[in-house]
Amino acid sequence: MSHHLLEFKDVRFRYPDGTEALKGITFLITHGESVGIVGANGAGKSTLLLHMNGYLLPTSGFVTVGEVPLRKETRPEIRRKVGVVFQNPDDQLFMPTVFDDVAFGPLNLGLPPDRVRERVHEALRRVNALALVDKPPHHLSGGQKSAVAIATVISMEPDILVMDEPAASLDPKSRRSVIGLLNSFAHSKIVASHDLDLILDVCARCLVIRDGAIVADGPAPEILSDATLLAENNLELPLTLQGRPALEGARR
Amino acid sequence: MSFETAYSGIGRLDRLSYRDTVVHRLDPRAKVAATSLFVVAVVSFPRYEVLSLLPFFLFPVLIGALGDIPAGFIVKKVVAVSPFAVFVGIFNPLFDPGVVTIAPGVAVSAGWISFASILVKFALTIGAALLLIATTSFPGICRGLRRLGLPALFVSQLLFLYRYLFVLIEEAMRVVRARDMRSFGKRGAGVRVFIRVVGTLFLRTVERAERIYGAMLARGFRGEVPSMRRETLRPSDAFFVLAAGSFFALCRFVPVPQAIGRLVRGFTG
């Protein structure tokens, strides 16, 4: 199914102040793949994500979603295919009630009211947040906000789901339920995070980015167990792959 | 009043508005209309009127009781803003020395009467406005205003204000707390630091606005905030406005307390 492809070809991006954030990024993500993007702070992860739905346009190089090349005119179409969940749910949830927020995307797609209502309920049901439908976002807990933020995007039924730190600042239980949620999606998924355990749980493939370029691309278990590679990128082994001799010693 | 208690007051008002009572269930338009009529009726009384205003207290008392709103909370809020009304009327007794007889043998200066009238009108109108907010969710009020003809752009602005007021206040609270914890005594709490704090908050707000706009674009925003609520006025809403309107008209044009007085005297005499 070629319409779920996401291809970057030698993408470069320079911010107006001259900082070169992306220096020739090339990769191809195929249908149903789940890909983690990791790297140090400032490596270019966020800039990369903002190219996936055309919020930023490459200074040079090409981005293609399905058969649609990313250009200024094709952005509305690209945004229908690629749903982006931003890091801070307070930025993602801008409408006065959960219902209005989840309905925002489908209404902008021009769906009739009945279909919108269906989509809203379906999306909220999938993230286990149907009970919150009439609440205002500022009455929700952090975990509930994250779940609703994901619902606002899946209600548009995108082909590709892109997430920036989906579980940042969540308590362990909420984080676990977000991981379960992500694993229940058959979409192509792209997740940028410093939470390497989450990447290990959710993604089969992993890209490592340093200084605006890809330095590693391969199966997530392989990359995330390469201690040297991770250390070079300000990262460390996922906690599940780290022994805890000190703790075991204390228990004895 | 500290920043944090002020915030919890707004938060409480907001939470009250999501209750489910007879009053909360009324259409927002009906409540906005009735409250406007109420305010107009109260304000239209001449300046020396006090007694005729008293029946109007029935409206806020009824709304508060049926809406299950704690009376003490509303009274406290009214008292908190009352200095404004006191300042407006405090000089009336000095500048208006005319003498009025209010009861056989009791005469007071006309200024005191008009001062009392201002205070009563103030308590009535502010109380009614607070009760409107406490019994109607803010998005509901906005939808009501939109349906009553307020331009969509203003309504969107109000909705964003409501959505981000709490986010902004919490951010301000965090910044203020961080400052207080590292400013010992008076140092650090001065005006110059305050100006910088406000500057920081402003920059953060601009950045946040940019991120929100990005999130809106990502979901297909093209300049108009869509809405699909279609509320229809029910008979109960119409009845509420009609009943409230006729009660206000009655109290406005018929001096009810005097009429009751005459009635009572008629019976006894």
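This is a predicted model: local features need pLDDT of at least 70, side-chain atom pairs count only at pLDDT 80 or more; totals for chains, interfaces and linings use all residues.
Q: Ok, and helix 4 of chain A itself, which of its residues are buried?
A: The buried ones are V98(A), F99(A), D100(A), D101(A), V102(A), A103(A), F104(A), G105(A), P106(A), L107(A) and N108(A). That makes 11 of the 11 residues, so helix 4 of chain A is largely enclosed by the rest of the structure.

Q: What covers those buried residues?
A: The cover over helix 4 of chain A includes helix 5 and helix 6 (142-154) of chain A.

Q: Which helix of chain A gives the largest share of the side that touches chain B?
A: First the overall count: the contact takes 26 residues from chain A and 22 residues from chain B. On the chain A side, helix 2 (75-81), helix 3 (89-92), helix 4 (98-108) and helix 5 (113-126) each supply at least two residues. The largest share, five residues, comes from helix 4 of chain A.

Q: How do the residues on that side of chain A divide by class?
A: The side of chain A that touches chain B has 15 nonpolar, eight polar and three charged residues.

Q: Switching to strands. Which way do the residues of strand 6 of chain A point?
A: In strand 6 (residues 82-85) of chain A, V82(A) and V84(A) point one way, while G83(A) and V85(A) point the other way. All of them are buried.

Q: In what sense does strand 6 of chain A pair with strand 7?
A: Strand 6 of chain A pairs with strand 7 (residues 160-164) of chain A in the parallel sense, over four bridges. Within that pairing, V84(A) has V162(A) of strand 7 as its bridge partner.

Q: Let's zoom out. How many helices and strands does chain A have?
A: Chain A has 11 helices and 10 strands. Its radius of gyration is 19 Å, close to the 18 Å that the globule rule gives for 252 residues, so chain A is as compact as a globular protein of that length. Along the principal axes, the C-alpha atoms of chain A fill a box of roughly 60 × 50 × 40 Å.

Q: And how much of chain A counts as buried?
A: 48% of the 252 residues of chain A. On contacts in chain A, taking those between residues at least 6 apart in sequence, 65% join residues at least 24 apart.

Q: What about chain B, what domains does it get?
A: The domain assignment gives domain 1 (3-147 + 232-260) and domain 2 (152-218) of chain B. Taken over C-alpha atoms, the centres of domain 1 and domain 2 of chain B are separated by 33 Å. Their contact takes eight residues from domain 1 and eight residues from domain 2 of chain B.

Q: Which elements of domain 1 of chain B give residues to that contact?
A: Helix 1 (3-16) and helix 8 (138-147) of chain B each give two or more. Helix 8 of chain B gives the most, with five residues. By class, the domain 1 side has six nonpolar, no polar and two charged residues.

Key: Residues are numbered from 1 along each chain as its sequence is written. Chains are lettered from A and ligands numbered from 1 in the order in which they are written. Two residues are in contact if their C-beta atoms, placed from the backbone, lie within 7 Å. Ala, Val, Leu, Ile, Met, Phe, Trp, Tyr, Cys and Pro count as nonpolar, Asp, Glu, Lys and Arg as charged, and the others, Gly among them, as polar. Domain bounds come from an automatic or database domain assignment. The radius of gyration is taken over C-alpha atoms; the globule rule is 2.2 Å times the number of residues to the power 0.38. A residue is buried if 20 or more other C-beta atoms lie within 10 Å of its own, exposed if 12 or fewer, and partly exposed in between; C-beta atoms are placed from the backbone. Two strands pair if DSSP finds at least two bridges between them.
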